[in-house]
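Reader: I have a sequence and a 3D structure to look at, and I would like to go through them step by step. Where do we start?

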Amino acid sequence: MIAYTPIDIKWSPPDYNKIKKYFLENYMTNLSSTTGYSSLLCAIASPHDVTNWRDASELFPEIKYDTLREDPVTYFAPGITNLFPELVELFNLLPFKQFIGAMFNMHVSELATHRDREVNIGLGPERYNVLVSPHYEQDSFYVTQNFNSKKYYTTIPTDYPVYAFNNNDLYHGADIVLDQRIIIVCMGILDEERHFKLINDSVKKFKEYVIEI
Ligand SMILES: [Fe+2]
């Protein structure tokens, strides 16, 4: 099965220093005490109105993955739409029938092998992430069949920073902490037809980067 593929969306991220500045001024301050998650996260968008975007307890209980809302609304964190209009454009290009939210993620420690089973179960490489720091073609993030199986390090080609991986059936992690590497984790309920077309086209285009396990 396809574990990882770059995605055929040509998109240039905003200036990295601008993103880093935003991140460092706005990341959630109580993430670890609220969720136990050891990375740093900075919310970009939420399906709910949020009072304090730096408070993980406001964001996390509210992100529900499994139900379509009748009247979906996306709220953006303060400053996002003005500072980073490219992000809003990108979210519109992703094959979601309902966009749920997004956040910047900076790993500051090793991410242990795990899998996520949140939404879009059975839809192949369903987790769409985006690299927004200049860490192309550097080993860190890997996919693997199980806890002690071979790790396949992913390659993110320059010019194509959007990638998808199968986070439901397979496992993944990051065991080399790259200096201030920032990705965007995108969440939503997929439009299956658009999703599979994009995956098929991308797998054909990026044959040499695709990881099949
Ligand atoms: Fe994960």
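**Strands, helices and core**

Author: Strand β1 (residues 2–6) and β12 pair in the antiparallel sense over two bridges. Keep in mind throughout that this is a predicted model.

Reader: Which residue of β12 does Ile-2 stand opposite?

Author: Strands of a sheet pair through backbone hydrogen bonds, either parallel or antiparallel. The pairing of β1 with β12 is antiparallel. Within β12, the residue opposite Ile-2 is Glu-212.

Reader: What is the order of the strands in the open sheet of eight?

Author: The sheet is antiparallel in its pairing. Its edge strands are β3 (75–76) and β12 (211–212), each of which pairs on one side only. Read across, the order is β3-β2-β4-β11-β6-β9-β1-β12.

Reader: At what angle does helix α6 run to β1?

Author: Helix α1 (residues 16–26) lies across β2, β4 and β11, and runs at about 80° to β11. Helix α6 (residues 192–205) lies across β1, β9 (162–165) and β11. Its angle to β1 is about 75°.

Reader: Which are the edge strands of the open sheet of four?

Author: This sheet has the order β5-β10-β7-β8, with antiparallel pairing. An edge strand pairs on one side only. The edge strands are β5 (111–114) and β8 (152–153).

Reader: Why do the buried residues of α5 line one face of the helix?

Author: In helix α5 (residues 85–93), the buried residues are Leu-87, Leu-90 and Phe-91. Seen down the helix axis, they fall within a limited arc, so they line one face. The face turned away from the buried side carries the exposed residues Pro-85, Glu-89 and Asn-92.

Reader: Which elements do the buried residues of α5 pack against?

Author: One contact shows part of the packing: Val-130 touches Leu-90, and Leu-90 is among the buried residues of α5. Strand β6 covers residues 127–131.

Reader: Which residues have the most contacts inside the largest nonpolar core?

Author: In soluble globular proteins, nonpolar side chains tend to be buried together. Here the largest nonpolar core has 54 residues. Leaving aside residues up to four places away in sequence, Val-130 touches Leu-90, Pro-161, Val-162, Ile-183, Ile-184 and Cys-186. Those with the most contacts inside the core are Ala-43, Ile-44, Ala-102, Val-130, Ile-184 and Cys-186.

Reader: What is the radius of gyration of the protein?

Author: The protein has six helices and twelve strands. For 213 residues the globule rule gives 17 Å, and the value here is close to that, so the protein is as compact as a globular protein of that length. The radius of gyration is 16 Å.

Reader: What share of the residues counts as buried?

Author: A residue is buried if 20 or more other C-beta atoms lie within 10 Å of its own. Of the 213 residues, the share that counts as buried is 37%.

Terms used. Residues are numbered from 1 along each chain as its sequence is written. This is a predicted model: local features need pLDDT of at least 70, side-chain atom pairs count only at pLDDT 80 or more; totals for chains, interfaces and linings use all residues. A residue is buried if 20 or more other C-beta atoms lie within 10 Å of its own, exposed if 12 or fewer, and partly exposed in between; C-beta atoms are placed from the backbone. The arc is that of the directions from the helix axis to the C-beta atoms. Two residues are in contact if their C-beta atoms, placed from the backbone, lie within 7 Å. The radius of gyration is taken over C-alpha atoms; the globule rule is 2.2 Å times the number of residues to the power 0.38. Two strands pair if DSSP finds at least two bridges between them. A nonpolar core is a set of buried Ala, Val, Leu, Ile, Met, Phe, Trp, Tyr and Cys residues joined through C-beta atoms within 7 Å. Axes are lines fitted to C-alpha atoms, for helices over the stretch in contact, and angles run from 0 to 180 degrees between N-to-C directions.
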